[in-house]
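Open the model in your viewer and keep the selection tool ready. Each stop below says what to pick and what is there.

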Amino acid sequence: MANEKKVQSVAIIGLGYVGLPLAMRCAEKDYETYGLDLDKQKVDMIKRGESPFKEKFIEERKASLKKIKASTDPAILKHADIVVVCVPTPVDEKFFPILTPLSSAMELIVKNHKAGQLIMIESTINPGICDEILMPILVQAGLKEGADFFLGHCPERINPGDIKWNVSNIPRVLGASSPKGLEMAKKFYESIIDAPIKLMGSIKEAEACKVVENSFRDINIAFVNELAKSFDKLEIDIKNVIDGAATKPFAFMAHYPGRGVGGHCIPVDPYYLIERAKESGFDHKFLRTAREINNSMPNYTVEAMQDLLNEIKLPMKDTTIGVMGLSYKANVDDLRESPAIKIISELKKKKAKIIRYDPFIKKMSDVPDLKTFLKKCTAIILVTNHSEFATLDPKEFKKNNIKAIVDGMNCLEKEKIKKLGIKYHGIGRK
Ligand code: SAJ
């Protein structure tokens, strides 16, 4: 069985921002590495040694891309001693977790099974998914845990755009369905990660870690977003106050308000806990409230623009408003759950003329560059604090006769902008 000989082959299902760096790392560590993805275009790019998306870790290690046996054919799973599942786990419009990609991946594993396989789930899931949904798929197919397969969970912790932390150096937590499975998983992760691997008491504990980590972040962002609304009324600059509070060297962790919370993790993961706990009869009132606060921020941002236009007696209707940035966070090309989407839809409802520009998402931009963008706008909502925007000389706004700016990420030079006679409204910062 796999655990009785040196494990040599690994298959990664899902070659996205989590799976691809992991596959590269396995290849770097001389595993025979297979990569399975539905997207033929992505697979062909990887085969050509090209990265399907911008990420520093990948750019720096392009050589290992070609070492991956990338394919769209699930039969490659038959060769793997270890299978790692890195497929998306989004939520639907009612914020219920969508587990289809995950259960489909498990069906592929069943159909292309190799005896003794270690099956690791890295996708973010709520406590109980492995035991209650994934394990039964394997067992009902006649596979025996501890003999035909071992099941484990090692939640991914990839932080897109992070130049310091990556798959090779982020500590991990690990849970498995049996001691032998835990031992196999520990050996695997210790062979590819130069950081501590903490063994949890169960798969459920490992599942709970990730949703707790990201719910922690969501509630802290909600805390400062609520403060921002309050401080707008109190005329207190929240950015200065948080920077002040952050001088306390312990028991404080700075988070900053903004136009809303986007991405594939933070606005999604808390719902995993909320929905699962509800099934067991517990209502996470606090987590739900935090989600409501964060979900209210895109509208709050558009209302701030409405207030500024009212001050200069400009109607929203037919005024050209620039949406500066589309991505959910700085210096990445990712639109998932981006607040920009809701902000644009609100501006459309108010019949504003909209000009979009994001240097990282040119295909969705209405203009080719920032210079043209500034020329065409009367007012601007900054949505993403891309470095190119945050370092822009405020005089550029004046030169282009911009009348009003809502700084959705509090990243612009407020005082200079106001001194230039331009109306300015941050989030909790006027
Ligand atoms: N945001 C705020 N205020 C903040 C921090 C973030 O409004 O103080 C917004 C961002 O603009 C973005 C959203 O929240 O729209 C999420 O930002 P994020 O920095 O948390 O970025 P993510 O979604 O890439 O989160 C990842 C997560 N990593 C994993 O789930 C593996 C998260 O756990 C990390 O804490 C986070 O990176 C990180 O630390 O940067």
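This is a predicted model. Start by selecting Tyr-189. Leaving aside neighbours within four places in sequence, Tyr-189 is in contact with Val-84, Met-120, Glu-122, Cys-154, Arg-172, Leu-174 and Ile-197.

Now widen the view to the largest nonpolar core, which has 44 residues. Which of its residues touch the most other members? Select Ile-12, Ile-68, Val-84, Phe-188 and Tyr-189.

Next, pick Val-87, Ala-105, Ile-121 and Tyr-271. These four are among the 40 residues of a second, separate core. In soluble globular proteins, nonpolar side chains tend to be buried together.

Move on to helix 7, residues 203–234, and select Ser-215 within that helix. Is Ser-215 buried or exposed? Ser-215 counts as buried, because its relative accessibility is 5% and the cut-off for buried is under 20%. Show its contacts beyond four places in sequence: Pro-270, Leu-273 and Leu-287.

Last, go to the loop between helix 7 and helix 8 (238–245), where Ile-236 lies. Ile-236 has 33% relative accessibility, so it counts as partly exposed. With Ile-236, they make a nonpolar surface patch of about 230 Å².

Note on methods
Residues are numbered from 1 along each chain as its sequence is written. This is a predicted model: local features need pLDDT of at least 70, side-chain atom pairs count only at pLDDT 80 or more; totals for chains, interfaces and linings use all residues. Side-chain values use heavy atoms; hydrogens and water are left out. Helices (H or I, at least four residues) and strands (E, at least two) are DSSP runs, numbered from the N terminus. Buried means under 20% relative accessible area, exposed over 50%, partly exposed in between (1.4 Å probe, protein chains only). Contact means heavy atoms within 4.5 Å. Patches are made of residues with over 30% relative accessible area and no salt bridge: like charges are joined within 9 Å, nonpolar side chains (Val, Leu, Ile, Met, Phe, Trp, Tyr) within 5 Å. Accessible areas come from the Shrake-Rupley method with a 1.4 Å probe; for residues, only the protein chains shown count as cover. A salt bridge is a side-chain nitrogen of Lys or Arg within 4 Å of a carboxyl oxygen of Asp or Glu. A nonpolar core is a set of buried Ala, Val, Leu, Ile, Met, Phe, Trp, Tyr and Cys residues joined through side-chain atoms within 4.5 Å.
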